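These notebook entries record what I looked up in one structure. I kept them in the order in which I worked.

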Amino acid sequence: MSDFPTTARVVVIGGGVVGASTLYHLAKGGWTDSVLLEKNELTAGSTWHAAGNCPSFSTSWAVMNMQRYSLDLYSRLEAEVDYPMNYHVTGSIRLGHSKERMQEFARARAMGRHQGLSLEMMDLKDIKDRYPFIETHDLAGGLWDPADGDIDPAQLTQALAKGARMAGARIERFCPATGVSRENGEWIVHTPKGDIRCEKVVNAAGYYAQRVGEWFKPFGGRTVPMVAMSHQYFLTEEIPALKKWTAEQGHKVPLLRDVDSSYYLRQDKNGLNLGPYERNCRAHWVTPDDPMPEDFSFQLYPDDLERLEWYIEDAVARVPILGEGGVNRVINGPIPYAPDGLPLIGPMPGVENAFEACVFTFGITQGGGAGKVAAEWIMHGETEWDMWATDPRRYTDYTDADYCLAKAKEVYGHEYAMHFPHHEWPAGRDKKRGPNDAKVRELGGVMGAYNGWERANWFAKPGDDTSEEATQTWNRAGPWEPRIREECEAVRDGCGVLDLPGFSRFWVSGAGADDWLRGFVAGGLPKVGRMNLVYVADSRGRTLTELSCIRLAEDSFVLITAASAQWHDGEMIRGSVPEGVTVNETTTERSALIVTGPKSRDVLGPLTDGDLSLPWLSHQHCTVAGKKAFLIRVSFAGELGWEVHAANEDMPAIYGAILDAGAKPFGMYALNSLRIEKGYRAWKGDLSTDYSLLEAGLDRFVKLDKPQDFPGKAALLNEKQQGSAKCFAMLIVDAGEADAPYMSSVLHEGEVVGETTSGAWGYRVGASVALAMLRPDLAEPGTELEVDIYGTRRRAVVQPEGPLWDPQNERLRA
């Protein structure tokens, strides 16, 4: 074919809704030299058989942003590209069976209001008024989303494709990508019609994404973490009562989601469409006797309605007219699931100039926003909103086939589950155990997973309720609460020890390491023998990451970062060091303890030959309990303390000796409380690309007068002159039974003026504390505000600048 494009700036592999949206947004952004390859016809994957529901609801801030954008785009796309679309905005009702579910709805409502959505709480009369066919006697209430509805997935995809073509992009149908190779820093995408040479390539291959991902392994890639789940829904025949009501009212009934029973029910013409997410769910293409076919375009699995019996009976009891329409058609097709049910959008881990926009469980409602986000990653290397929730680098090397299958089934079967603050999902656990794991569990450690690493969240005593059921609450109180209090008090009054496997560690050394680092981070570097915190910004001055920077010699540094930042930060560091500077990662070979509290010197002293009189922010090589160790005088708990780093094989002896010397084990929940009292920020909660370094109150870590032109410097200089849009502040909240979760709305005189980024009860200060981002004029100490905590507005007072506990840092320096 003579006009086949042999070069392009970007090649998008996959012609479902997300691939088409990515191409559309690239072309609209001026990258018109982009090509989409589809092996069959557009929509041939999960898109064509998708139900096409369009909720804006999410309890993830990033996902809500994405869905909100999608629905706004869909409302104007038909007119923009002159393509007909069946888009029915019917509104939706989410049914709540319990107080906890209504609290979740109230939280989502506040988040939605903050983003400009008009979500509303409903009582039983409201539900019955909008949906007369429903039984409400056993419900607690509901949530109304006026923007919800359904769209024809094929028409949506064709409209996006038309818009992309109108802007100048190319689409090649019936042209499968068959592999990739690399030459002179460019990608070559192979197809039966010829090769395309390009700068950047996007895996938007839907449920084929794992297969496409294999092509990138020779270039540093990994197996795409996903599983194809079988999702069934069925359409009934015409229901006379529904037909009559629709004719009288002139519109459809709202979309219904019974989230506690786990199904959606939607009007389709004059019948109903029921789609359950069943617990006894099924994955496909995961065993040798069920291989993935070469091509499954426009195909379905055999019907398997027996799995849905309970859900069908429950739905008929809820909406009796459902039982009046026989089954007309069953759709049973593959839907890809990542281990947390959220898609993969962003840089392909380990692979240069390759991106992912795949594994969408709710691709229709997320497709518009996903295309925007993917295009921003490709064109600018950064996104308008912080998208860590969907960043492929949030998973690292623990996502083997067993893990992905266990998690996909768990997430599918709990699609509408509430994610409570003290609940840990049990599937796919124990992927990474630190050297002290057995001892931690023996001491009563109730574990949580952090980038696959098992850490104790709290330590239970005999008789404590450690069941999953006990964690089904938004409240602070639970079996863990008195234990967290005891752990915090031990750190305050004596000495605590926290086992912390999984810290991400990068040893950066070689001639030029000092120069490189000065131009990489926003602030200054420590002297030899010292450490400090350093921050890396994006081009807008927004916070990419926080690193502990330990200087061993003039051109030798250890950079330590959060466990979950391993691939994100590792890639950023390796991708920017100059020739001659080496990066050695020691994340898995070593482990760490936090030993902290006013008596920590007494505990460590007899065990070490190190000098414990060295000042705060110093470090030293020494021995502890006769084993080689590296001591850093720093504590995320905000007390006198040390981090003890050592080789895995030496850690059990060190941990045992410290416990024997009287240190009390404490967990991650206590650490969270302790760090919030000090105003210490957590990565991807308080520190994200939603806020600049100046907005986040990190001015003292920014050196605008240094000669190096570090990333974001121009933006930060401009912000310094113009003033910041937001301001970090600490709040004391009259919180009642629950502390402020991430992204709780902060209000002043009824108007949203900011949001909390984290919150916890502070056991040393005896109050509920929240870290917040506020309108700058309201960040004055003493200002009275309100925080919306699960639907209840709670009084909050802005605190003076600096830590609430030990504001002069006297205890740290003791």
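**Entry 1. Conventions.**
I worked with a predicted model, in which local features need pLDDT of at least 70 and side-chain atom pairs count only at pLDDT 80 or more, while totals for chains, interfaces and linings use all residues. Residues are numbered from 1 along each chain as its sequence is written, and side-chain values use heavy atoms, with hydrogens and water left out.

**Entry 2. Nonpolar cores.**
I first looked up the nonpolar cores, a core being a set of buried Ala, Val, Leu, Ile, Met, Phe, Trp, Tyr and Cys residues joined through side-chain atoms within 4.5 Å. I took buried to mean under 20% relative accessible area, exposed over 50%, and partly exposed in between, with a 1.4 Å probe and protein chains only. In soluble globular proteins, nonpolar side chains tend to be buried together. The largest core here has 47 residues, and those with the most contacts inside it are Leu26, Tyr74, Leu77, Ile151, Leu156, Leu160 and Val202. I noted which elements give two or more residues to this core: strands E1 (7-13) and E19 (354-358), and helices H1 (17-28), H3 (61-81), H6 (153-166) and H10 (363-380). Helices (H or I, at least four residues) and strands (E, at least two) are DSSP runs, numbered from the N terminus.

I then followed Leu156, counting a contact as heavy atoms within 4.5 Å. Beyond its neighbours within four places in sequence, Leu156 contacts Val17, Tyr74, Leu77, Met85, Ile151 and Ile364. I also recorded a second, separate core of 39 residues, with Leu119, Leu235, Ala408 and Leu771 among them.

**Entry 3. The second largest pocket.**
Grid points are joined across faces, edges and corners, and a volume is the space filled by probe spheres set on the points.

The second largest pocket holds about 830 Å³. Its lining has 34 residues, and Pro347, Trp377, Gly381, Arg393 and Met572 are the closest to its centre. I found at least two lining residues from each of E19, H10, strand E24 (531-537) and helix H15 (566-574); H15 gives the largest share, four residues. By class, I listed 14 nonpolar, nine polar and 11 charged residues in this lining. Here Ala, Val, Leu, Ile, Met, Phe, Trp, Tyr, Cys and Pro count as nonpolar, Asp, Glu, Lys and Arg as charged, and the others, Gly among them, as polar.

**Entry 4. The cavity.**
How many cavities of 30 Å³ or more does the structure hold? I found one, and the largest cavity has a volume of about 40 Å³. Its lining consists of Ala106, Arg107, Ala110, Met111, Pro741, Met743, Ser744, Asp788 and Tyr790. Helix H4 (residues 99-114) gives the most to this lining, four residues. I divided the lining into six nonpolar, one polar and two charged residues.

**Entry 5. Positive phi.**
Tyr790, from the cavity lining, has a phi near 50°, a positive value in a residue other than glycine. I placed Tyr790 in the loop between strands E37 (784-789) and E38 (792-798); Tyr790 is buried because its relative accessible area is 7%. Asn451 also has a positive phi, near 50°, and lies in the loop between strands E20 (445-450) and E21 (453-459). Asn451 counts as buried because its relative accessibility is 7%.

Ile654 lies in helix H17 (residues 651-660) and counts as buried, at 0% relative accessibility. Leaving out residues up to four places away in sequence, I found Ile654 touching Leu593, Val624, Ala625, Lys627, Lys628, Ala629, Val644 and Ala646.

Ile594 lies in strand E28 (residues 590-596) and counts as buried, at 2% relative accessibility. With the neighbours up to four places away in sequence left out, the residues that Ile594 touches include Gly496, Val497, Trp642 and Phe666.

**Entry 6. Annotated spans.**
I checked two features in UniProt, whose positions are given in the numbering used here, with feature names shortened and annotations that may be inferred rather than shown by experiment. An unreviewed UniProt entry lists "domain: FAD dependent oxidoreductase central" at residues 380-432; this span is 26% helix and 0% strand, with its end C-alpha atoms 35 Å apart. The unreviewed UniProt entry places "domain: Aminomethyltransferase C-terminal" at residues 729-800. I noted 0% helix and 58% strand for residues 729-800, whose end C-alpha atoms lie 8 Å apart.

Conventions
On a 1 Å grid over the protein atoms alone, a cavity is a set of points where a 1.4 Å probe fits but cannot get out, and a pocket is an open set with protein on both sides within 12 Å along at least five of seven lines; lining residues have an atom within 4 Å of a point.
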